[in-house]
Amino acid sequence: TRTQIELRNPQAFANKIVATDGEEKHKKGCHCKKSACLKKYCECFQAGVLCQEYCKCEGCKNAGPDGPFGATPPAATAAAKSSK
C-alpha cells in the first residue's frame with residue numbers, strides 16, 4: 001500500500017513539477033515516444049509546462065514558440081534545434 005511504498009522511498013509520491021526562477025519545470029523530464037508531447041500521456045503536457053532539454057522525448061512538439069504553452073526558454077529552444 002501507499003504507506004509501505006513511502007517507507008521504502010519517501011520521495012515516491014513527491015510532486016514532479018517544481019517552480020524555479022518564476023518558471024515551472026519537470027524534475028526529470030518526460031520520455032514520450034509516440035504522443036509528440038501533445039497528449040495527456042506526457043507528464044510535461046499534463047502539468048502545462050514546456051519540455052526541457054533534459055526530456056528524453058522523441059518528435060517533441062511541446063518545446064518551441066509554436067508549442068501549446070507559448071514562448072520557450074532560450075536553452076530549450078537551442079536544445080530543440082540541435083536535436084533536429
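Two residues are in contact here when heavy atoms of theirs lie within 4.5 Å. Among contacts in the protein chain between residues at least 6 apart in sequence, 31% join residues at least 24 apart. The model is a predicted one, in which local features need pLDDT of at least 70 and side-chain atom pairs count only at pLDDT 80 or more, while totals for chains, interfaces and linings use all residues. Residues are numbered from 1 along each chain as its sequence is written, and side-chain values use heavy atoms, with hydrogens and water left out.

The protein chain contains 3 helices and 2 strands, taken as DSSP runs numbered from the N terminus (helices being H or I with at least four residues, strands E with at least two). Read from the N terminus, the order of these elements is α-β-β-α-α. Of the 84 residues, 29% count as buried, a term that stands for under 20% relative accessible area, with exposed meaning over 50% and partly exposed what lies in between (1.4 Å probe, protein chains only). The accessible surface of the protein chain comes to about 6000 Å², and 54% of that surface belongs to carbon and sulfur atoms; such areas come from the Shrake-Rupley method with a 1.4 Å probe, and for residues only the protein chains shown count as cover.

The two strands, β1 (residues 17-20) and β2 (residues 23-26), pair in the antiparallel sense over 4 bridges, where pairing requires that DSSP finds at least two bridges between the strands. Ala19 has Glu24 in β2 as its bridge partner. The hairpin of β1 and β2 has 2 residues between the strands, and in this hairpin Asp21 takes a positive phi near 55°.

Gln52 belongs to the loop between α2 (43-47) and α3 (74-82). Leaving aside neighbours within four places in sequence, Gln52 is in contact with Glu23 and Lys25. Gln52 counts as buried because its relative accessibility is 8%.

The structure holds 0 disulfides, a disulfide being a pair of cysteine sulfur atoms within 2.5 Å. Cys51 is in no disulfide, and the nearest cysteine sulfur, that of Cys60, is 3.6 Å away. With a relative accessible area of 1%, Cys51 is buried. Cys55 is likewise in no disulfide, the nearest cysteine sulfur being that of Cys44 at 3.8 Å, and Cys55 counts as buried at 11% relative accessibility.

Finally, the charged end of Arg2 sits over the ring of Phe13, 4.1 Å from the ring centre; the criterion is that NZ of Lys or CZ of Arg is within 6 Å of the ring centre and within 35 degrees of the ring normal.
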